[in-house]
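Here are my notes on this one, for when you have the model open. I've kept them to a few spots worth a look.

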Amino acid sequence: MSPDAQKQTKQLPKVGIYGLTGCAGDQLTIVNCEDQILDIFGAADIRSFLMAMSNNVEGELDVALVEGSVSSQGDKAMLEDIRKRSKILIAIGNCACNGGPQAACAMENNFKERFKQVYGDVKLSIPEPLDAKPLSAYVQVDYMIPGCPIDKWEFLRALGRLVKGDAPQPIRYPVCVECKYNENECLLFKNEICLGPITVGGCDSVCINHNIPCVGCRGPVTEANVAGEVEMLVNMKHPHFPKRVNFDYQDVRNRAMMYGGTTMAELLDKVKLKGAKK
Amino acid sequence: MKEIKVEHLARVEGHGAISVEIEGKKVTNVKFEVLEGPRLFETITLGKTPLENLSVVPRICAICTLSHKTASIRGLEKCLGVDAPEKAHLMRELMMAGEAIESHALHVYLLALPDLLGYPNAIAMVGKYPEAVIQGLTLKKFGNSVMELCSGRATHGENPTIGGFGKYPTNEQLYAIKDQVDTLIPYAKDVVDILGSMKYPEFYEKETVFACCNPPNNEYGLIADEIILSDGQKFDCEDYKKITNERVVPHSYAKRSLYKGAPFTVGSLARINNLGSRLKGEAGEMYEKYKSPRWKKNPMFNNLAQAIELLYALEKIPELVDRLVELKDPPLAKPTRSSGKGTGAVEAPRGTLYHSYEVKDGRMAKVDIITPTAQNYEDIEKYFRLAAEHMVAEGWKDDEIRFQLEMIARAYDPCISCSAHLVKVVRK
């Protein structure tokens, strides 16, 4: 909300929460704020939240939070409408930020084939679906809250700042930072494809805390050194770990593309491996 | 021609629309449209590793993420010849109970009760029904805490894996969960009584077929390899296609299922109808107190069935904890082969969920996932039609028709993300 708008009215900021194509996990994370949900409804004028309410009013908004990828003409039209009537538009969750797992084949360009594989030759009476893309492929996105799903506390911090008219603070460090604080043993040295070095932090390295390698579900961190990660997994001989196995480039790419979406596809496109065939 | 349409079904997960076409006093067409864009999950993991498949497929649905996880693990363990240790099986039951509590509390208190008490949402109920809202949120939070403890986080946790768990909770953590149950059981009993004394409309009642997992040893439960139908037939879950018979309809991105050419219902009401007599404890007493032949005919009773299951899941937790604390943390069971076929079936909160796989040389070769809502669509449309025909003949107003149909849809607790938004009435 701009300072001018704030002066004009002491009304609560108008907020809308929407879902395009996805698992609704980010909206669910908001509903999962059991101890804060009454405060959220007290601090913001929640005009629309289809997953939780039926008396929704679709008008001008100070803040729109949008989950999900654009995967149908309906999604695209809805997103464009939300953008037109919102001062600030925030992508919440991996699908909205990067395209999500449904964009895992973004590099393959085979959406029509895959659609036929699942649905057969049926002629749909509803509009043709679209290959999954993040919100930024169609409209201007002001901020992103990453994650699969979003982290409850990161969301509450962002919303707290937004209702006071401040900008949310994005996390700019990778999962490894939190993993080091948690004193985990590095899983890269245990011959696991761990995506912690290139994945945006904020999850408290939860998977590695459980001995499970990072699957990259929060998407690429700002300035992710994707070439470095790939090089390390595919080509590295580490003097201290002679038993390290090197991975096939395709396997590393598959892993990075699980949650990296179109953002990771662009980053991987720029990777030039020394001596290895791409 | 006139069309009554609910464009965006509220208080459900995902995008659905309901449309009813009317000519004069006759209903000519009823459609439950799923407008959630297709995500083609069954193609995403082909050629990738079983562990990659296991990470991605629970992202189909946030609410039943752990049901997807468990079904996927069970299918993949069959493919790879993995014999998971007892502690892993008990942990899977524990996390499924946590998910049932979270999902049922969310639906019963926050999504369905507002309909039944005449409010647009649960927050608006706080003034008159503060206890119900607070108790619902407390139960939901408890369910989430169980899911978090078992899987690493409330949604899409990665701790459950092939052959066991990355890390097991400590006995202190398990006892902390068990200690909360006693205060929560009276909440669940109260909501069973609220829903049990509710009056539901009779005009669309019609008997249907129910399907659910059939746990061994005559027990009530959420995980099994055998499927039981209310007509007495039993199937191995590997033969799931004989029950589900998926087909594509032109007005929806969601596939549909028919059993012997007729629609059927899965979910809490199916489990309570098929297995309710096996319930013990307070859940068993509540089942006996309210059981009714109308349960076989009216989907609105799914709300009551969920409340009884809420009680069942709460009572199950201390039992599981007592067994878990006796067992040492086992290492992950290893795959004994790299190729094979297998199907995992579980009872997700909304019904039977199948994950059927084929793995060849350590890569996913075939992925088939049948979700509960996909199986329920045909029956939801059937009840829409029965209700709409009566309401149109009786001259109900469009808004009243719309509201009734939305209530039927919400009673099914449809998880549209899983298959793929809501009610339109067209008058010609």
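**Notes on the two chains**

1. Start with strand E5 (residues 86–92) of chain A: five of its seven residues are buried, so it is largely enclosed by the rest of the structure. Buried here means 20 or more other C-beta atoms, placed from the backbone, within 10 Å of a residue's own; strands are DSSP runs of at least two residues and helices (H or I) of at least four, numbered from the N terminus. Keep in mind that this is a predicted model, where local features need pLDDT of at least 70, side-chain atom pairs count only at pLDDT 80 or more, and totals for chains, interfaces and linings use all residues. Residues are numbered from 1 along each chain as its sequence is written, with chains lettered from A and ligands numbered from 1 in the order written.

2. Ile90(A) in E5(A) has Leu65(A) opposite, while Ala91(A) stands opposite Met144(A) in E7(A).

3. Now the chain contact: 47 residues come from chain B and 52 from chain A, counting C-beta atoms, placed from the backbone, within 7 Å. On the chain B side that touches chain A, H6(B) gives the most, with four residues. That side divides into 19 nonpolar, 15 polar and 13 charged residues (nonpolar: Ala, Val, Leu, Ile, Met, Phe, Trp, Tyr, Cys and Pro; charged: Asp, Glu, Lys and Arg; polar: the others, Gly among them).

Note on methods:
A residue is buried if 20 or more other C-beta atoms lie within 10 Å of its own, exposed if 12 or fewer, and partly exposed in between; C-beta atoms are placed from the backbone. Two strands pair if DSSP finds at least two bridges between them. Two residues are in contact if their C-beta atoms, placed from the backbone, lie within 7 Å.
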